[in-house]
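This report goes through a structural model by region. Please look at the sequence and the coordinates before reading on.

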Amino acid sequence: MREKSLSRSIRMICLGGVALAVQGAYAQDTQPAPMQRVEVTGSRIASPNAESPSPLQVLSAQDIAASGANNLQELLLQNPTLGAPTYSRTNTAFLTSGAGVATVDLRGLGTSRTLVLVNGRRFVSGVPGSSAVDLNAIPTDFIERVELLTGGASAAYGSDAVAGVVNIITKRNFDGLTIDAQGGQSSKGDSQKRKLSITFGTSNDNGFLMGHLGFTRDGQVWSRDRAASAIDQTSKMTLETGDPADAFTPVRPTYSSYAPQGRFTYKGADGKTGSYTYDKNGNPIPFVSSESGFNRSQYRSIAVPVDRFILALNGERKLDEHNTAFMEGTYVSTRSGSTIEPFALSSADIFSNAQVPAGTLVNGQVVKNPIVPQYLYDRITDTDGDGIPDYSFTRRMSEVGTRSNSVDRDTFRLATGIKGDFHAWKDWNYEAYVAVGQTKEAQQSTGQVNVLNFRNALTATTDADGKAVCADANAIAQGCVPINIFGYNAISKEALAYVTAPGSLVTRTTQKLAGGHIDGQIFDLPAGPLGVAAGVEFRKEYSESTPDALTQAGLNAGNATPPTKGEFSVRELFVEAHVPILKDLPFVKELSLPLAFRHGKYTSVGSVNSWNAGFEWTAIDDLKFRGTRSLSTRAPDINELYQAPSQDFPSGLTDPCEGVTASSQGAYDARCRADPGVAANIAANGAFTNTLADKQGVSGYNRGNPNLHAEKGRSTTIGIVWTPRSIPMLKRFTFTADYFNIKIADAIVSTPRQYALTSCYNGTNPAMCNFITRWPAPNGNSSAGALRYIDTAVSNSGGRATSGLDLTAAWNDRVGPGRLSARLAYTYVKTGYDVPLPGAERDPFSGEIDNAKNKANLNLGYRWNDFNANVTFDYIGRSSLDDQFLASYDLPANSIKIGSRTYTNLQLSYQLMKKTELYFGLDNAFDTKAPPIISGLTGDTTGTETAAGTYDPIGRRWYAGIRVKL
């Protein structure tokens with residue numbers, strides 16, 4: 001199947017290139033080239049020297065080369081307008097799908113609100129059920145520049161552009177052949193980096209044809225290979241003291257109570273509960289977590305490996321003087337995977353009451369299970385009334401092996417069309433295009449068990465020869481072998497083969513796109529020509545995800561995940577105008593108004609409208625003012641609409657009932673005591689107490705909502721552009737300052753679980769209690785009142801908003817024998833908040849982990865003859881723990897802070913010969929350590945002991961390469 005997909009994609013791309021190359025074209029008379037009319041991101045109207053009325057930042061091909069990045073995400077995340085990505089190498093190890101995907105998130109408003117375009121057209125999603133584009137599918141050597149437009153742009157491009165647009169412009173008119181080979185690794189010897197690419201092309205007056213073949217590798221980084229994450233640990237504040245001074249003090253080790261030798265719990269004849277485990281020699285001993293527990297960090301990852309094979313082909317061919325055919329083809333094969341610790345199995349996963357019978361009834365008499373040790377059998381009693389003594393257990397299934405996902409992801413896209421101008425009206429341009437894209441993922445997983453088979457294997461008796469056999473005759477016929485779970489490596493190969501359950505996941509995402517537009521000048525106004533654009537677009541999105549049958553039914557003891565399947569289509573009309581108002585007046589060199597409107601009709605949410613209005617006022621040659629006001633819309637994606645309840649195991653949650661006593665008086669206490677399980681726990685312990693097993697065993701379900709409607713984002717930007725060309729000392733200086741304010745009404749969100757807990761028990765939103773299920777009584781290793789499920793559902797919330805200021809400054813000139821260039825980008829986020837449900841109070845996120853108020857990037861470059869040096873400084877300001885998390889400890893917002901970090905990246909290059917360049921780089925050159933956002937604290941990325949989407953958990957990395965141009 002994989003070879004068929006590869007060969008079919010290559011054939012389609014190559015056929016497109018051949019078709020383009022053989023287009024008939026007549027030689028044209030050489031004429032002076034007219035002034036070029038360009039199109040800027042955010043508008044379909046092409047005009048000379050176009051500039052954006054919205055904040056626009058540009059990264060060039062030189063910036064990409066100077067970063068040494070294999071993946072565009074690595075460079076984009078240095079821009080301060082970007083928030084922590086939903087998917088990256090360092091935060092996808094624990095996801096059930098999406099390992100190694102690379103996405104971007106403008107303004108921290110969510111990946112789904114950032115629209116990624118290639119040459120102004122949409123690209124197929126890399127994540128099933130969503131609109132998120134996988135940047136692995138974009139070859140960096142093919143990119144001419146990347147334009148980041150922040151602020152609503154739905155009127156120009158449709159849904160998903162609520163936070164802004166990342167428009168990737170590919171190279172044109174490329175002649176020759178470039179070979180780029182690169183290798184590197186971290187200072188610890190891991191995170192291997194490999195690249196080999198060939199980019200080739202030819203161009204002439206009739207068009208161009210450009211191709212790319214490439215292979216890249218980003219290697220694995222294990223948690224055990226970094227001191228900060230090598231051993232399981234938990235914040236002392238969350239585990240023991242509740243004291244904010246202990247937030248960043250680890251309790252180390254905090255091993256898992258799910259141990260490979262098993263932990264066995266029982267109730268004796270005296271009514272008291274006991275438990276024990278085994279030592280290396282098979283002797284029963286008391287269970288002490290710090291001695292008998294399991295170090296999960298030994299098997300976890302900081303960064304997952306990603307290998308990419310890329311084939312791309314772009315081209316244009318003049319059909320005649322006025323018409324040009326174009327084609328874009330891409331095929332990317334990505335191989336990634338994740339590995340985490342062996343599965344943590346509990347008797348509650350197998351028996352609903354968590355009680356395992358230690359024998360069977362034969363003619364009314366109990367026959368002991370021969371596998372159950374006499375030590376345990378002598379201490380247990382019947383606790384569930386079935387006449388058979390029973391016990392419960394937890395066990396790390398080390399014999400089954402680690403849980404691993406091997407992912408093969410293939411992305412194919414082909415876009416083609418015709419563009420040009422109208423012969424009779426050369427000021428009028430047109431473009432018509434069609435595009436098809438598909439992402440397929442095949443995932444194979446290991447490490448799970450078949451619950452039904454495991455239950456049969458636990459229920460054993462003896463045959464006539466005294467041999468242990470499964471008690472169920474039908475199970476024996478199906479290959480059942482009794483299983484021994486008592487002690488290290490106790491499970492036999494035969495029993496292991498019977499209970500092991502490999503898993504699979506197959507996904508497919510498709511996009512079909514067709515559209516066209518015209519733009520030109522209607523007539524001249526006193527201040528200049530009136531420019532307009534109008535067009536239509538049709539888009540159809542489809543996605544399906546199909547896990548194996550056991551996973552769908554929740555019978556592999558892991559995440560119960562039903563299949564998800566859905567589609568929607570949209571038809572859209574749009575119109576734009578660029579209206580010149582005044583020109584060549586005192587303090588009004590030019591004043592114009594850009595306007596846009598788009599109407600879309602979705603099969604999922606019906607009709608939606610978006611609009612944009614702005615101004616561009618050039619007061620004098622050196623000073624320009626700009627501003628926009630827009631209404632952007634986002635229709636829900638397929639997962640948000642149609643996802644069936646899918647099991648999850650959330651972490652970083654704090655139970656507000658922790659520590660409540662029979663007489664305590666706090667914001668949560670009375671409502672906590674009203675729960676029978678919590679009351680029973682208090683009666684038994686004097687105060688409500690969660691064990692480590694309770695905290696590690698919380699589950700829940702995520703679900704979609706077919707009754708969603710589109711969200712609406714209203715954004716405002718006001719800014720200035722200062723280019724003091726009239727001041728000799730500053731003539732090479734450019735400065736911009738832009739204020740932004742984005743407010744999203746009816747934002748589509750999944751209700752945050754911590755919000756549900758807090759608002760349920762403080763009484764502000766009793767409906768949230770419907771998401772929460774507690775154990776009514778002790779169940780195996782779960783305490784009475786402990787959280788069993790915390791569910792979440794997608795809804796149109798009360799809203800989401802952010803505001804702040806962007807500053808950029810750039811300068812370049814000769815300094816000494818060479819040329820120095822400097823570019824600074826700074827973003828200050830004044831406000832940022834969510835309203836989880838309509839009518840609820842605001843939940844601020846600006847200034848919290850992953851959303852620092854202050855971020856900046858400074859780039860310095862110096863070129864002298866054949867030498868070139870480039871250094872960047874990435875600054876992430878102070879932030880604090882989530883206010884909802886702090887409130888659960890009765891702490892005020894911003895009371896526990898994380899210090900700022902600055903990362904330094906260097907690259908040196910030398911032009912060895914005219915067409916050969918050597919380069920060497922250091923990322924995180926000073927090995928700046930990530931802040932210790934450790935397990936138990938909100939914001940921690942499992943396995944990294946920090947917020948790995950924002951901070952660098954890998955450390956110093958070097959790379960070296962050679963670039964040859966022929």
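In which sense do strand β6 (residues 176-186) and strand β7 (residues 193-204) pair, and over how many bridges? The two strands pair in the antiparallel sense, over nine bridges. Here a strand is a DSSP run of E with at least two residues, a helix is a run of H or I with at least four residues, and both are numbered from the N terminus. Two strands count as paired if DSSP finds at least two bridges between them.

**Basis of the model**

This is a predicted model, in which local features need pLDDT of at least 70 and side-chain atom pairs count only at pLDDT 80 or more, while totals for chains, interfaces and linings use all residues. Residues are numbered from 1 along each chain as its sequence is written, and side-chain values use heavy atoms, with hydrogens and water left out.

The pLDDT, the predictor's confidence in each residue on a scale from 0 to 100, averages 90 for the protein chain, and 95% of the residues score at least 70. The pLDDT is below 50 over residues 9-35, a stretch that has 38 contacts in the model beyond near neighbours in sequence. A contact means heavy atoms within 4.5 Å. Where pLDDT is low, the predicted coordinates should not be read in detail.

An open sheet of four strands has the order β33-β34-β40-β37, with mixed pairing. Its edge strands, each pairing on one side only, are β33 (646-648) and β37 (748-750). From one strand to the next the twist averages 30°, with axes taken as lines fitted to C-alpha atoms and angles running from 0 to 180 degrees between N-to-C directions. Strand β37 runs antiparallel to β40 (residues 792-796), joined by three bridges, and Ser 750 stands opposite Val 794.

**Cores and buried elements**

Buried means under 20% relative accessible area, exposed over 50%, and partly exposed in between (1.4 Å probe, protein chains only). A nonpolar core is a set of buried Ala, Val, Leu, Ile, Met, Phe, Trp, Tyr and Cys residues joined through side-chain atoms within 4.5 Å. The largest such core has 35 residues, of which Tyr 391, Phe 393, Phe 454 and Leu 458 touch the most other members. Elements that give two or more residues to this core include β12 (263-267), β13 (273-278) and α8 (451-458). Not counting residues up to four places away in sequence, the contacts of Leu 458 include Ile 350, Val 356, Tyr 391 and Ile 485. A second, separate core of 32 residues includes Ile 64, Leu 109, Val 146 and Phe 845.

Helix α16 (residues 753-761) is largely enclosed by the rest of the structure, because nine of its nine residues are buried. Among them are Arg 753, Gln 754 and Cys 760. Just after α16, Gly 763 takes a positive phi of about 85°.

**Aromatic pairs**

Rings of Phe, Tyr and Trp (its six-membered ring) pair if their centres lie within 6.5 Å; planes under 30 degrees apart count as stacked, over 60 as edge-to-face and the rest as tilted. By this rule there are 16 aromatic pairs. Two of the tilted pairs are tabulated below.

| Pair | Centre to centre | Angle between planes |
|---|---|---|
| Phe 264 and Tyr 276 | 5.6 Å | 35° |
| Phe 867 and Tyr 910 | 4.7 Å | 40° |

Phe 264 in β12 and Tyr 276 in β13 are twelve residues apart, and both are buried. Phe 867 lies in strand β45 (residues 867-876) and Tyr 910 in strand β48 (residues 901-913), so this pair ties together parts that are 43 residues apart in sequence. Phe 867 is partly exposed, with a relative accessible area of 47%, and Tyr 910 is partly exposed at 31%. Ring pairs also link Phe 264, Tyr 276, Tyr 278, Tyr 375, Tyr 391 and Phe 486 into a cluster.
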